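Work through the exercises below with the model open beside you, and try each task before reading its solution.

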Number of protein chains: 2
Amino acid sequence: MPDDRTTRAVIRDEALRLFAAQGPEAVTIRQIATAAGVSPGLVVHHFRSKDNLRQEVDQYVLTVFEGLLSELTGDGTVSFEDAGAATGSLGEIFLQHLPVGSPLPGYLRMLLLSDTDAGRGLFRRLYAVSRETLDALADAGAASRGKDPQVRAALLLVNDLSVFLLRDQLTAVLGIDPLSAAGLARLGPELLSIYAGGLNADAPAPEIPPEAPEAPEAPETAPEEAPGQASHQAPEAAQAPEAVGGQA
Amino acid sequence: MPDDRTTRAVIRDEALRLFAAQGPEAVTIRQIATAAGVSPGLVVHHFRSKDNLRQEVDQYVLTVFEGLLSELTGDGTVSFEDAGAATGSLGEIFLQHLPVGSPLPGYLRMLLLSDTDAGRGLFRRLYAVSRETLDALADAGAASRGKDPQVRAALLLVNDLSVFLLRDQLTAVLGIDPLSAAGLARLGPELLSIYAGGLNADAPAPEIPPEAPEAPEAPETAPEEAPGQASHQAPEAAQAPEAVGGQA
DNA sequence: CAGCAGACTAAACAACTGTTTAGCCCGCTG
DNA sequence: CAGCGGGCTAAACAGTTGTTTAGTCTGCTG
């Protein structure tokens, strides 16, 4: 059995993948149909229109995101289950719960830039989570709310999101995908270092209690001027079709 | 004389404005023609094709950007000409040298997200500037290069750019345009605070020599849940047509 | 004044878009 | 076995796209 999904689900998944990569307006029904191996008429037979298909994919993705976000806002303690640096960043959550090559990071990017109610609602939701997280950190004595807590939470959020929005650009100049395991391992400590002591401090943290005062494994090597063939992205190759996320 | 620009320049400026707002693919030649008050045929008469028009606008914008960037990489000292917090952020440069409502910030956003050689080249250029700036700050003893200078410069850059990319979303949740004078006055100090001492420090800076240890004017007021009619954006009103930038 | 080049328009063109229509095929229920 | 509803396709439809064509007008040069 090569594929146990219904044809309808295949169409939805292919639309999701294409929407994430190129934006919904740039994707035609015929492209979706070809990617799903069906006729264009069948796409509108299952979904009433392209716009309705888009809304359905949006809703599906938002449901998955809400499940991922419960990881951050779930109980209150951040849960130190597995090792590694638990920044609580969105990138780490995506990496831990989504298969490699998942189109969901791209869909997140597209939604945030889309000028739609879905995108605005998602950003408001993320901002609320960011504020809650900052409050929790402040209550735990791990951070200060700053002079302007709303602005501070917003800055922390958009800094987190910028990795999603500029993923390809960062991959090009750093030679490493910032949303890969290796990328997060390299980016995370540096970001933590800034958050811990600002731009002047070098030590990971001045007063964090336990463990890991050592540099992980980011050498001073410079892959900078070699943008050639870094991590591939598989724009239209026949990749794992069920790479969406374990939910629903 | 209501407009001393040539018709060709009017077309280019309207194309620039529309491209920045909606992205080139979403803008039709007929929209550009209508905005410029000419016929569609004249657009392709002056510029050979839509794609060529786009390239020409790209080149024009990149030239203006290069002029703005010389502000950062010009001599070496950051030049404390006028007062205020000189973060050296791109937002401040844009605000100082561009008229309000300029489409150039939107064009910057579009270019960075566009998956084109122009966008990739611009990001590489900005990354180079970011590295130079970090090096200069480190040489001046104002910042540390961190354990991974390349990553640190990249993080500082994308954090700066995120305000451009998520400008509308930030305006919605904060109730203030982060690229306006008031927005920068509110965002800048908070960002400086993080860069100065990390997330734990409240004081503006532990060892910066002179001036301004006081909170500017950001009260604890919460315009948070009132997204209604904040700063307007003038999507298609007849605004100042020559609002592009003093150059070329 | 002839004419000629360039700004400019109106109309048509082929290609593509989302969507509709008509109909085929197949497994089910009666 | 009649028929019937849903998955599915091929073809056509109307609208929009970038572009081309033919032609008008205007100002300048010989």
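**Exercise 1. Identify which residues of H9(B) are buried, and explain how enclosed the helix is.**

Solution. Begin with the residues themselves: in H9(B), the buried ones are B:Arg167, B:Gln169, B:Leu170, B:Thr171, B:Val173 and B:Leu174, where buried means under 20% relative accessible area, exposed means over 50%, and partly exposed lies in between, with a 1.4 Å probe and protein chains only. Helices are DSSP runs of H or I with at least four residues, and strands are runs of E with at least two, numbered from the N terminus. Because six of the eight residues of this helix (residues 167-174 of chain B) are buried, the helix is largely enclosed by the rest of the structure.

Next, ask what does the covering. From chain A, the cover of the buried residues includes helix H6 (104-112), helix H7 (117-139) and helix H8 (149-165), and from chain B it includes helix H6 (104-112), helix H8 (149-165) and helix H10 (181-197). Finally, look just after H9(B), where B:Gly175 takes a positive phi of about 75 degrees.

The model is predicted: local features need pLDDT of at least 70, side-chain atom pairs count only at pLDDT 80 or more, and totals for chains, interfaces and linings use all residues. Residues are numbered from 1 along each chain as its sequence is written, chains are lettered from A and ligands numbered from 1 in the order in which they are written, and side-chain values use heavy atoms, with hydrogens and water left out.

**Exercise 2. Describe the protein surface near DNA strand C, and say which helix gives the most to it.**

Solution. First collect the residues that are near the strand, meaning that one of their heavy atoms lies within 4 Å of it. There are 15 residues around DNA strand C, the closest being A:Thr28, A:Arg30, A:Lys50, B:Thr7 and B:Ser39. Of the atoms of DNA strand C that come within 4 Å of the protein, 58% belong to sugar and phosphate.

By class, the surface has five nonpolar, seven polar and three charged residues; here Ala, Val, Leu, Ile, Met, Phe, Trp, Tyr, Cys and Pro count as nonpolar, Asp, Glu, Lys and Arg as charged, and the others, Gly among them, as polar.

Last, list polar contacts, that is, pairs of N or O atoms within 3.5 Å (within protein, one must be able to donate a hydrogen and the other to accept it, and residues adjacent in sequence count only if both atoms are side-chain atoms). Phosphate oxygens of DNA strand C lie 2.8 Å from a side-chain N or O atom of B:Ser39, 3.2 Å from one of B:His45 and 3.1 Å from a polar side-chain atom of B:His46.

**Exercise 3. Carry out the analysis for DNA strand D.**

Solution. Start with the neighbours: 15 residues surround DNA strand D, and the closest are A:Thr7, A:Ser39, B:Thr28, B:Arg30 and B:Lys50. Helix H3 (40-46) of chain A and helix H2 (29-36) of chain B each supply at least two residues of the surface, with H3(A) giving the most, four residues.

For the polar contacts, a side-chain atom of A:Thr7 lies 3.0 Å from a phosphate oxygen, and an N or O atom in the side chain of A:His45 lies 3.3 Å from one. A polar backbone atom of B:Ile29 is 3.0 Å from a phosphate oxygen of DNA strand D.

**Exercise 4. Find the salt-bridge partners of A:Arg120, and state how exposed the residues are.**

Solution. A salt bridge is a side-chain nitrogen of Lys or Arg within 4 Å of a carboxyl oxygen of Asp or Glu, and the count over all chains comes to 28. A:Arg120 pairs with A:Asp115, the closest N and O atoms being 2.8 Å apart, and with A:Asp117 at 3.2 Å. A:Asp117 and A:Arg120 both lie in helix H7 of chain A, three residues apart, about one turn of the helix. As for accessibility, A:Asp115 is exposed at 61%, A:Asp117 is exposed at 63%, and A:Arg120 is partly exposed at 32%.

Methods: Contact means heavy atoms within 4.5 Å.
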